Amino acid sequence: MESFPVRMVRSSRRRADLFARAYRRVAPGVLRVSVGVLYLWFGLPKFFSGASPAEDLATRCMSLMTFDAVPPGVSRFLLALMEVSIGFGLVTGVLLRLTLAVFFVHMTGVFATLVLLPNDVWAHGVPPVPTLEGQYILKNLVLIAACLTVATRERNVPGAEAEAGSGPGTGTGPVRLRTVPSPRLRSRRPRRSSVGRADAVPSRFAGSPSVAAAREPQ
């Protein structure tokens with residue numbers, strides 16, 4: 001009989017394996033919806049002046065990138081529209097590939113702030129210690145990693161499902177295929193000739209009268 005702690009440990013492991021298998025199937029969807037909710041949450045306040053704490057930093061960066069061609073009020077509205085559109089596309093999955101493309105374009109502009117406004121995002125104006133605004137930008141690395149996972153899943157690469165299912169915790173090992181030679185190669189293999197098999201007599205019987213009589217021509 002197993003002790004109670006051992007049974008509890010084994011039961012916990014089984015439950016953890018079941019949860020891992022179930023979550024592995026829905027993980028890309030969870031990542032996609034989570035990032036979409038964040039984009040909606042951060043994008044909606046930008047429609048209203050002064051409602052977003054990142055409004056000033058974002059509009060100043062936009063002004064530098066457009067050489068002051070876009071007024072701050074217009075750039076704020078455009079940023080809000082872009083972020084809300086990304087959030088809606090990620091949450092619903094509508095036009096997902098286009099949404100992911102716009103997401104990565106937006107991330108390029110976000111990280112351009114680290115170069116265009118160094119005094120605002122780095123302590124003493126130089127890396128590697130970020131300010132509060134810099135931390136707000138650097139945390140987007142997690143969002144990029146999440147959307148990369150969603151994008152690679154969206155590509156439907158042949159064989160990706162089999163490789164994903166062979167990892168630890170899935171209950172299945174790597175699939176091993178047995179190589180079968182083609183008929184052409186098999187036809188080239190030398191075959192044993194049936195001629196002379198009767199003559200292959202062990203040496204200890206070679207001198208017996210019966211064997212010698214069998215070898216004499218009729």
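Reader: How many helices and how many strands are there in the chain?
Author: Elements are DSSP runs numbered from the N terminus, where a helix (H or I) needs at least four residues and a strand (E) at least two. From the N terminus on, the elements run α-α-α-α-α-α-α-α-α-α. The chain has ten helices and zero strands.

Reader: What kind of model is this, and which pLDDT is needed for side-chain atom pairs?
Author: Residues are numbered from 1 along each chain as its sequence is written, and side-chain values use heavy atoms, with hydrogens and water left out. This is a predicted model in which totals for chains, interfaces and linings use all residues, local features need pLDDT of at least 70, and side-chain atom pairs count only at pLDDT 80 or more.

Reader: Buried residues make up what percentage of the chain?
Author: A residue is buried under 20% relative accessible area, exposed over 50%, and partly exposed in between (1.4 Å probe, protein chains only). The chain has 218 residues, and the buried share is 24%.

Reader: Which residues have the most contacts inside the largest nonpolar core?
Author: A nonpolar core is a set of buried Ala, Val, Leu, Ile, Met, Phe, Trp, Tyr and Cys residues joined through side-chain atoms within 4.5 Å. H1, H2, H3, H4 and helix H7 (140–155) each supply at least two residues of this core, and H4 gives the most, with seven residues. The largest core has 22 residues, and those with the most contacts inside it are Val35, Tyr39, Leu90, Leu100, Phe103 and Ile137.

Reader: Which residues is Ile137 in contact with, leaving aside its neighbours within four places in sequence?
Author: Contact means heavy atoms within 4.5 Å. With those neighbours left aside, the partners of Ile137 are Leu57, Val110, Phe111, Thr113, Leu114 and Val121.

Reader: Why does the pair of Tyr39 and Phe103 count as edge-to-face?
Author: Rings of Phe, Tyr and Trp (its six-membered ring) pair if their centres lie within 6.5 Å; planes under 30 degrees apart count as stacked, over 60 as edge-to-face and the rest as tilted. By this rule there are five aromatic pairs. The rings of Tyr39 and Phe103 have their centres 5.7 Å apart, and the pair is edge-to-face because their planes are at 65°.

Reader: How many residues apart in sequence are the parts that Tyr39 and Phe103 tie together?
Author: Tyr39 is buried at 4% relative accessibility, and Phe103 is buried at 0%. Tyr39 lies in helix H1 and Phe103 in helix H4 (residues 96–116), so the parts tied together are 64 residues apart.

Reader: Where do Phe47 and Phe77 lie, and how many residues apart are they?
Author: Phe47 and Phe77 form an edge-to-face pair, 5.6 Å centre to centre with 70° between the planes. Phe47 is partly exposed at 28% relative accessibility, and Phe77 is partly exposed at 42%. Phe47 is in the loop between H1 and H2 and Phe77 is in helix H3 (residues 72–92), and they are 30 residues apart.

Reader: Is Lys46 buried or exposed?
Author: Lys46 is found in the loop between helix H1 (4–43) and helix H2 (55–65). Leaving aside its neighbours within four places in sequence, Lys46 is in contact with Ser52, Arg76, Leu79, Ala80, Glu83 and Tyr136. With a relative accessible area of 4%, Lys46 is buried.
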